[in-house]
Amino acid sequence: MLQAIQGRSFITESLDIGQIARDHYDAVFRFCARRVGADAAADVTQETFVTAQRALKAFRAGSSLKTWLLGIANNECRRHSRSRRRTPQAVDLLDVEVPNPESTWISTSSLQLALKRLKPEQLEAVLLVELDGLTYEEAAQIAGVPAGTMKSRLHYAFLNLRHSLKGDEE
Amino acid sequence: MNIRENLKAYLDGELNAPDRAEVEEALKSDPALQLELQQMKEISQSLRGAANPVNAVGLAATLERLAKPRTSLGPRWLLPTGLAATAILAIFGAGWVLHSNRDMPFQEEIPMPMANKHPRGSVRNLLDRKVDARWNLAVDNMDPWKSKVDSLAASWGASVIARSSSEAGKDPQLIYLMSLPTSRMESTAAKLKDLGATQLPLERDRTADSDGRESLLLLILSLRTSS
């Protein structure tokens, strides 16, 4: 009971959209930039918070505010990409100038190329877990699939990345 | 479950204890599996290390937009209410108004006084109310009264959200759902009383726009057709 009351209190305090935007703007912006590009990210991020403001009453106590916002951002990015006929693959996710000191067989440019060869759902899984830093459960919620499916997509994504990179190496 | 299919989840710390133990046991005796794990780790590190840096911009503009009133017609919360009212008016008409006879000639002056016998209530009440589907939904045949009410609404600074009408009954009625600045609500109510209209002020004083607070008004004008 105490937990429920505390949870409710937390949610009530959190339902100030201005504060929510201040707390989560950077994370949502980065999420959007990786999907629609840095140039369009500000507009899509703003739409995300406007949509969140409208839907705030639908936010349920006990849910993760971050996951809820990124779910909205994901929809806004898809809407934007559909309108511009742009896919996430068109966004340069990596800085090819950055060398990887940990590995001699992976160049950033070959990794960028390998990412572009992934199926869209596998690339989405890599984005959510590797670059957005989400857990499988959070990533699955945002993608709208079971956690087991997210795990499987990541497995095959990494299998394909390894094959692409080893092929490039040879 | 194939051990290899769990390798990435193992790397990410996403396996439960039994599956994790199974992978660790297999790794001890399988150099190929160890190499695969190491390569996955390096790919993951490369991805995270080379991710394009992103500097977030636009927070101030977003906060400014979030702070603005969200509608020109009225508050956004009114929209579903208005749409609900529109739907109820458009689909069913309001159930408590009069019945029958569309060919009855209207009196030239509008609207003539009628007894105010309709209950006050909210749009929610309207939705809950049983309605009569025999209503004429069109307002096109309600001219010149429709044009006159439109013109009056414009002079009050009101925005018409929905119109409907009753063809049934002895005295046809025009039904309007409109929003208008709350500051004009009292003077408008006085004018309506003079005109003899039944008016139901709904959901007042709930928000503000650049002109001040907005109110929602459901207006029922009873048109006397006989003296």
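A: Happy to. Let's start with Arg34(A), which is found in helix 2 of chain A; helices here are DSSP runs of H or I with at least four residues, strands are E runs of at least two, and both are numbered from the N terminus. Please keep in mind that this is a predicted model, where local features need pLDDT of at least 70, side-chain atom pairs count only at pLDDT 80 or more, and totals for chains, interfaces and linings use all residues. Side-chain values use heavy atoms, with hydrogens and water left out.

Arg34(A) counts as buried because its relative accessibility is 11% (buried means under 20% relative accessible area, exposed over 50%, partly exposed in between, with a 1.4 Å probe and protein chains only). What does its side chain reach? It makes a polar contact with the side chain of Asp132(A) at 2.7 Å. A polar atom of the Arg34(A) side chain also lies 3.3 Å from the backbone oxygen of Leu131(A). A polar contact is a pair of N or O atoms within 3.5 Å; within protein, one must be able to donate a hydrogen and the other to accept it, and residues adjacent in sequence count only if both atoms are side-chain atoms.

Now for the interface with chain B. There, 44 residues of chain A are in contact with 37 residues of chain B, contact meaning heavy atoms within 4.5 Å. The buried area between the two chains is about 3,700 Å², and carbon and sulfur atoms give 62% of that; this is the accessible area (1.4 Å probe) that two parts lose on being put together, summed over both.

The rule finds 4 salt bridges across this interface, a salt bridge being a side-chain nitrogen of Lys or Arg within 4 Å of a carboxyl oxygen of Asp or Glu. Lys8(B) forms a salt bridge with Glu130(A), with the closest N and O atoms 2.3 Å apart. On the side of chain A that touches chain B, at least two residues each come from helix 2 (17-36), helix 3 (38-55), helix 5 (108-116), helix 6 (120-131) and helix 8 (147-169).

A word on confidence: chain A averages a pLDDT of 81, and 78% of its residues score at least 70, where pLDDT is the predictor's confidence in each residue, from 0 to 100.

Conventions:
Residues are numbered from 1 along each chain as its sequence is written. Chains are lettered from A and ligands numbered from 1 in the order in which they are written.
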